[in-house]
Every structure is written in structure tokens, then in C-alpha cells.
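Dear colleague,

I am passing on the structure that we spoke about, and my notes on the strands and on the contact between the chains follow below it. Please read them with the model open beside you.

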Amino acid sequence: MKKKGFNFLITRWNLGFFLFFAILIIGHYSGILNPLERVFFEIGNPFNKWLYQKSHRLASDYQENKRDFVADLAACQEKNIIFAVDSAKTKELQDENNKLRAFIDFFSNHEYRKIYADVLAQEVLSETNESRQNIIIDKGFKDGVSVGLGVINEKGVIVGKVVEAKDRNAKICLVTSRSCKLAATIQNQNKTMGVSEGSLGLTTKMNFIPQTEKISINDLVITSGLGEIIPRGLAIGRVSEVINKSNEIWQSATIEPLVDLNNLTIVAVVLP
Amino acid sequence: MLLKVFKTGLIFLLAILIVFLQFSFIPSLPQSFQAINLPLILILLSLIFSGPHSSLLLALFFGFFLDSWHFYFFATYLLSFVGVVLSAQLILKNWLTDRSLFSFLALTAISSFSYNIIWNFLNFIFSLNGSNDSRFFLFSFGFLKQLFFSIFWSVLFCGLLFIFLSLVSHRLKPVFLKKR
């Protein structure tokens, strides 16, 4: 007899399934499944890193070459495919090499303890229009990463901070994310201090600046080093707009990040 | 017996590949492509071709891995995928009982819709801890855009795969009536 409505749920197989389902969830939260999850993560890391880099390059090329598609199509027909593939591989290696050299240069001039990390994935937040706000790196608690640490790119510009960490990976919120708040200083005459906060996944804002503070476009904004474990002096961005209404107590500044946050493949976590 | 083991192994490898793609590759693509949901597509195909048991097992597999690797509340993906399988099975049993291409596409669209609702609702509930200012997603433009592309890609991929599999498999022969 055909089961109608919800009666199809009540079978021995289904009950066994839901029992196993509950065991999985309890196993995760009790920590019993941690070793297994760690093993899966260790095995998956190299593949995730490789796939993320491939996808990232694809996305960058898609944006740049959309307009030139017709011209490129004609040019590609004449090119040798093997040389094109070799060239792409070499370029990737060169990019990685350049980034690592830039990191070495930066850290030779600045005495920061750091942990290098590869970006494995980015989290897409669909409930708002703000995508590309969080990234996941392949270092976690076991590597010395903890919540609140600042993350920089190869040029020493702060790109975000650690918001969650597991044993072998961590989640970084980018500076343009609403959940990324940094103690900041504007390098103006008064060295105005405040808190920068991401806005719409595109820029950063500093609100509640007293009207008496004089802020100019292109003023550099850096981390102030107050109250957190992020050192002072890491560049956040430049002031691109000052919103100053005479009938309001506060003014606010829009800060444009100095780097393209869509171009992160290797980052460094700055240790206290 | 050997063929069955080989088929199971192949599906297992395919499932692992899809998990890697869904975690690292797809979210880094340009925005409209980020809504592609490969695990959901495979789960729905498995529901039609193999029945609810194998699709529930696939839902468990995908959900467990994605929950372990992501930083959302553990069980967000698990509950979403299992919820979709149960709702799809309910629809198949009670309403879309004819196994035609169009009813399958309708099932895909409804499942994609319910997956997005369940996932976002769970994410919203579990993130209501005051640490970040979560907004209710339902009327946000970003969610609606994501929902549209999710349904679009799911229906497109499922439709194409359904037609391809009907050509190579005998299980769907009665579905496609040939005009004489």
C-alpha cells in the first residue's frame, strides 16, 4: 500500500538514519569526531588550496578579459596551446614568488612575528549583498593562530583579522566586512582616533568622529594598536570621503582600502 | 557484485570531488556563479535515479564535510540537505508523481528554493548571539539575487544532466514518449 503524507518517514531505515544523524552532531560537539575531522581537513587542504587558486585566477581573468573577448578569441586561435598553458603555470609561480619576496622584504624592515598562511576558500554571505567578506586560511590554533590577530598581505597592509579559529584553519573577516572592527588612527594633524568598520563589503568607514577634528581626503589611516593585539602602524586605507554635516555632532570618513581584497592567495597572521 | 562496488566507488569519488569544488572553487567565482550548488544537484538526481535512501546518505556525506570545513554552526548544511531530501520526497510521493522532465524541473526549483530558505534561516538563527548584527535575510536584495541564481543554475544543470542520463540509462525510458 502506497504511503501518503508523512507516513513514508516512519520506516526502520529512516529511524536508523536519524539516529546516526544525531550521533554525528553529538559526536562533533562532544569532540569525539575531532580527530576524524582533522584527518579529513589535512587530506583536503592541498586540494582546496589548488582549487581556490585556480578559481581565483579564473575570476580575475573573467573580469579583465570580458571586454576583449572577441579580440582574444581570434588571437587564441593562432596561439600554441601548450605554450599558453606553460606560460600560465610560470606566471603563477612568479606571482607566488614575488609575493613571498615582498613578505620577506616587509618583515626584514619590521620586527613582527608572523605565520604565513594560504587562502583555502572564501565564504559567501547570501543574506546580504556583501559577498567576499570572509576568507578561510590553512592555519589554526595548533599553528599559533588565535582570535583577534591581524592579517596582512605581502605589502604589509592589514586585510582583516581572525574571527574564528579551529585546530588547523581559521576564518578571517576582511576589513570591508561589517564584523571587522579595527582600532584606527587617521594620520592627520590631530592623529584622530576611532574605530573603523567595514561597509557593504566594498569600503571601510570610521564613524563618530568629533566635528572639531580636521580630516582631509587622502589622509592615511593606520591601526592604532589600542586595546587589541594588533600592532600599531599597519596601513588600513586612505580617506576617500568625509561626511560632515554642520547640524550633526559627529562626522564620518569613508576609507578606501589600499589593496584589492579580491587578490589574496597568501597572507601573514601577525602575532603579538 | 563487482560492478556494484565499482559504481559505489565511482559515486564516492565524485561526491568527494564535488565537496572540494563546492568548498573552494565555486565561492571564488564571479558573483552570479557562486550560487551553483553541486551537492544539491547530485542529491536530487540520486533521489530520482536511486531513491530516498541513497540521497539521504549523500546528504549526510555532503553535509558532514561542508559543516566540518566551514565556520557556520555545525549541522547547518546537514539539516539543510536532509530537509531538502525529505521535502522533495514528500512532493514526489504526494504531488509530482509522474516522473516527467517538467515535474523534475519543478521539483528542482522547489528544492533549491527550500534549501536556500532552510540554510539561510538556520544561519540566521544560529548567528543570533549578539556578536555580529545579523539581519533577517528574507527581504534583502542579496538573498533574492542569490535565490534567483541558485534556482536558475540548479534547474539548468539538473535539466541537462537529466536529459543526458536519460540517453545513457534505461531507467527513464518511459518518461520520454517518442512521437510516432
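How many bridges join strand β6 (residues 181–186) of chain A to β7(A)? Five bridges do so, and the two strands run antiparallel.

Before the rest, some conventions: this is a predicted model in which local features need pLDDT of at least 70 and side-chain atom pairs count only at pLDDT 80 or more, whereas totals for chains, interfaces and linings use all residues. Residues are numbered from 1 along each chain as its sequence is written, chains are lettered from A and ligands numbered from 1 in the order in which they are written, and side-chain values use heavy atoms, with hydrogens and water left out.

The barrel with β6(A)

Six strands of chain A close into an antiparallel barrel in the order β6-β7-β8-β11-β10-β9, where strands are DSSP runs of E with at least two residues, helices are runs of H or I with at least four, and both are numbered from the N terminus; two strands pair if DSSP finds at least two bridges between them. From one strand to the next the twist averages 40°, the axes being lines fitted to C-alpha atoms and angles running from 0 to 180 degrees between N-to-C directions. A184(A) stands opposite G194(A) in β7(A), and the hairpin of β6(A) and β7(A) has six residues between the strands, with K191(A) in the turn at a positive phi of about 50°. Strand β7 (residues 193–199) is in turn joined by four bridges to antiparallel β8 (residues 203–210), both of chain A, and here S196(A) faces M206(A) while G198(A) faces T204(A).

The barrel with β1(A)

Another six strands of chain A close into a barrel with antiparallel pairing, in the order β1-β2-β5-β4-β3-β12.

The contact between the chains

Chain B contributes 49 residues and chain A 55 residues to the contact, which means heavy atoms within 4.5 Å. About 4700 Å² is buried between them, 66% of it from carbon and sulfur atoms; this is the accessible area (1.4 Å probe) that the two parts lose on being put together, summed over both.
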